[in-house]
Amino acid sequence: MIVLGIDPGYAILGYGVLRTDGSKLAAIDCGVIETNTKMTFPERLERLYSGTRALIERFSPDHVAFEELFFYRNTTTALQVAAARGVAILAAQQAGLPLYEYTPMEIKLSVTGDGHADKLQMQNMVKLLFKLSKIPKPDDAADALGVAVCHANMLGPAMEEYRIK
């Protein structure tokens with residue numbers, strides 16, 4: 001099974017792709033879709049949408065997992081990230097893929113065993129899990145691989161509670 005993990009953002013959207021057979025995980029790719037600050041907000045959303053579609057076409061994932069949005073102090077930022085997440089969800093929905101979402105705490109717990117792990121702990125665990133020579137950069141790429149790992153760890157009957165409905 002191939003899982004595409006997405007760490008939503010409107011400036012940088014992280015993605016991580018892994019293959020799992022239920023007991024083994026193998027990283028296929030990770031990276032980011034970036035938008036330029038000189039682009040209008042609709043242009044940025046279009047870039048994120050088309051970039052997500054291209055990832056789906058390239059990797060043919062069986063499932064797509066998203067990090068659920070959490071509280072933001074800045075309302076404008078929260079709305080922009082929500083819009084970016086929305087266009088990525090739309091791209092996956094149009095491809096007919098099952099969609100799942102996990103809170104940051106669920107992802108941290110699944111990847112590190114500690115729901116309050118810091119960013120460096122998460123990145124180091126992703127590096128160790130996939131036997132990488134270095135932590136994936138930028139951080140959003142490592143975070144997205146963490147989302148995919150969380151979903152792979154949830155595969156089975158219980159995962160339906162995480163399905164985006």
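This is a predicted model: local features need pLDDT of at least 70, side-chain atom pairs count only at pLDDT 80 or more; totals for chains, interfaces and linings use all residues.

Biologist: Which residues lie nearest the centre of the largest pocket?

Modeller: Asp7, Glu67, Phe70, Lys119 and Asp143, out of 21 lining residues. The space in the largest pocket is about 380 Å³.

Biologist: Which helices supply at least two residues each to the lining?

Modeller: α2 (75-94), α3 (104-112), α4 (119-129) and α5 (139-154) do.

Biologist: What makes the span of α5 agree with its number of residues?

Modeller: At 1.5 Å a residue, its 16 residues should span 22 Å. The end C-alpha atoms of α5 are 23 Å apart, so the two values agree.

Biologist: Why is α5 called mostly covered?

Modeller: Buried means under 20% relative accessible area. In α5, 13 of 16 residues are buried. Just after α5, Gly156 takes a positive phi of about 135°.

Biologist: Why is Cys150 called buried?

Modeller: The cut-off is under 20%. Cys150 has a relative accessible area of 0%, so Cys150 is buried.

Biologist: How many disulfides does a search of the whole structure find?

Modeller: It finds 0. A disulfide needs two cysteine sulfur atoms within 2.5 Å. The sulfur of Cys30 is 17 Å from the closest cysteine sulfur, in Cys150, and therefore too far for a bond.

Methods:
Residues are numbered from 1 along each chain as its sequence is written. Side-chain values use heavy atoms; hydrogens and water are left out. On a 1 Å grid over the protein atoms alone, a cavity is a set of points where a 1.4 Å probe fits but cannot get out, and a pocket is an open set with protein on both sides within 12 Å along at least five of seven lines; lining residues have an atom within 4 Å of a point. Grid points are joined across faces, edges and corners, and a volume is the space filled by probe spheres set on the points. Helices (H or I, at least four residues) and strands (E, at least two) are DSSP runs, numbered from the N terminus. Buried means under 20% relative accessible area, exposed over 50%, partly exposed in between (1.4 Å probe, protein chains only). The expected span of a helix is 1.5 Å times one less than its number of residues.
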